[in-house]
Amino acid sequence: MSPNLLPVLGYGTNGFTDHTLNDMLDVVAGYGYEAIALTLGHPHFDPFADEWERRARELRSALHERGMRVVVETGARYLLDPYVKHHPTLVDREASRRLTFLARAIEIAGVLDADCVSLWSGVTPDDVTSDEAWSMLVERMADVVALASVRGVQLGFEPEPGMRVETVADALALREELGNPDRLGITVDLGHCVAVEPGGVVDALRSAGDLLVNVQVDDMMPGVHEHLELGTGQLDLALAFRTLSEIGYDGVAAIELPRHSHAAPRLARESMERMREALNAASESTTTRKSL
């Protein structure tokens with residue numbers, strides 16, 4: 001494993017919802033994290049607040065002071081509808097609030113100098129066919145990509161279990177239909193690879209290849225979309241990190257545990273220990289194979 005091709009270890013703010021954002025930054029920086037995955041919305045960053053741009057500049061300064069990078073996540077559950085999780089999505093018949101939100105997320109990412117804005121398709125509603133969902137997704141993503149291109153912001157499209165775009169292959173098909181735009185990369189959640197990717201984590205990461213712009217780190221069981229602490233599912237983390245190194249990925253790899261804020265400091269510490277162990281194991285494996 002080349003020392004120059006390591007992921008930058010980060011932690012998602014959605015796993016620290018009982019902390020202020022500044023306190024969260026102090027805790028994770030203290031444990032050695034060098035990045036955060038900022039979920040826009042309650043409680044850390046209201047993207048529709050009047051002074052969002054000033055807050056973004058302040059956050060950029062706070063991150064720079066700590067030497068940290070940032071990716072922008074758009075998966076807040078009830079930001080756009082207080083009654084329906086994630087509603088509306090890019091595959092709902094009416095999606096104007098989602099598109100307005102994604103436009104603001106792109107603006108915020110520009111101020112933060114973020115690595116990317118991560119986004120996803122949504123679950124196909126009961127009143128929409130799969131083909132209709134795909135058509136609406138392609139049309140709307142064309143507008144999102146165009147805006148990101150104008151702003152100079154990278155996008156990372158994330159396959160999500162149960163959504164219209166569920167696997168890396170689906171995401172690549174979407175990208176191809178959009179004409180393979182440079183500004184549209186891929187986000188991969190390592191746990192999702194255990195849950196739904198037909199070829200597992202290695203095939204998923206290799207399929208994304210140099211289009212990979214964002215990685216989420218968590219454990220999972222096959223067929224179950226439940227984010228678990230590292231070491232409690234079936235993810236081979238060392239294998240995943242070795243694959244990331246082999247494909248030359250040196251972007252952010254951030255812990256994604258959105259239901260574990262009650263134990264956030266402990267999990268931040270333990271997750272860092274497990275990721276460092278995995279990086280060391282992956283490095284030793286690579287060294288051994290080269291010497292054979």
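Mentor: What follows goes from cores to aromatic pairs, then to cavities, pockets and single contacts. This is a predicted model, in which local features need pLDDT of at least 70 and side-chain atom pairs count only at pLDDT 80 or more, while totals for chains, interfaces and linings use all residues. Residues are numbered from 1 along each chain as its sequence is written, and side-chain values use heavy atoms, with hydrogens and water left out.

Trainee: Which residues touch the most other members of the largest nonpolar core?

Mentor: In soluble globular proteins, nonpolar side chains tend to be buried together. A nonpolar core is a set of buried Ala, Val, Leu, Ile, Met, Phe, Trp, Tyr and Cys residues joined through side-chain atoms within 4.5 Å. Buried means under 20% relative accessible area, exposed over 50% and partly exposed in between, with a 1.4 Å probe and protein chains only. Here the largest core has 88 residues, and Tyr11, Met141, Leu155, Leu190 and Phe241 touch the most other members. Helix 4 (residues 130–151) supplies the largest share of this core, nine residues. A second, separate core has eight residues, including Ala37, Val71, Val252 and Ala254. Helices (H or I, at least four residues) and strands (E, at least two) are DSSP runs, numbered from the N terminus.

Trainee: Is helix 8 largely enclosed or largely open?

Mentor: Helix 8 (residues 237–246) is largely enclosed by the rest of the structure, because eight of its 10 residues are buried. Among them are Leu237, Phe241, Arg242 and Leu244. Just after helix 8, glycine 248 has a positive phi of about 80 degrees.

Trainee: How many aromatic pairs does the structure hold?

Mentor: A pair of aromatic rings is described by the distance of the centres and the angle of the planes. Rings of Phe, Tyr and Trp (its six-membered ring) pair if their centres lie within 6.5 Å; planes under 30 degrees apart count as stacked, over 60 as edge-to-face and the rest as tilted. The structure holds three such pairs. The ring centres of tyrosine 11 and phenylalanine 16 are 5.3 Å apart with the planes at 85 degrees, so this pair is edge-to-face. Tyrosine 11 counts as buried at 1% relative accessibility, and phenylalanine 16 is buried at 0%. The rings of phenylalanine 48 and phenylalanine 101 have centres 6.2 Å apart and planes at 55 degrees, so that pair is tilted. Phenylalanine 48 lies in the loop between strand 2 (35–39) and helix 2 (52–66) and phenylalanine 101 in helix 3 (residues 96–112), so the pair ties together parts 53 residues apart in sequence. Phenylalanine 48 is partly exposed at 36%, whereas phenylalanine 101 is buried at 1%. One aromatic cluster is formed by Tyr11, Phe16 and Tyr33.

Trainee: Which residues line the largest cavity?

Mentor: Rolling a probe the size of a water molecule over the atoms shows where empty space is left. On a 1 Å grid over the protein atoms alone, a cavity is a set of points where a 1.4 Å probe fits but cannot get out, and a pocket is an open set with protein on both sides within 12 Å along at least five of seven lines; lining residues have an atom within 4 Å of a point. Grid points are joined across faces, edges and corners, and a volume is the space filled by probe spheres set on the points. The count is one cavity of 30 Å³ or more, and the largest cavity holds about 40 Å³ of space. Its lining consists of Pro159, Glu166, Val168, Thr187, Val188, Asp189, His192, Cys193 and Glu197. Strand 6 gives the most to this lining, with three residues.

Trainee: What is the volume of the largest pocket?

Mentor: The volume of the largest pocket is about 850 Å³. It is lined by 35 residues, of which Gly75, Ala76, Arg77, Lys85 and His86 lie nearest its centre.

Trainee: Which side chain has a polar contact with that of asparagine 14?

Mentor: A polar contact is a pair of N or O atoms within 3.5 Å; within protein, one must be able to donate a hydrogen and the other to accept it, and residues adjacent in sequence count only if both atoms are side-chain atoms. The side chain of asparagine 14 makes a polar contact of 3.5 Å with that of glutamate 256.
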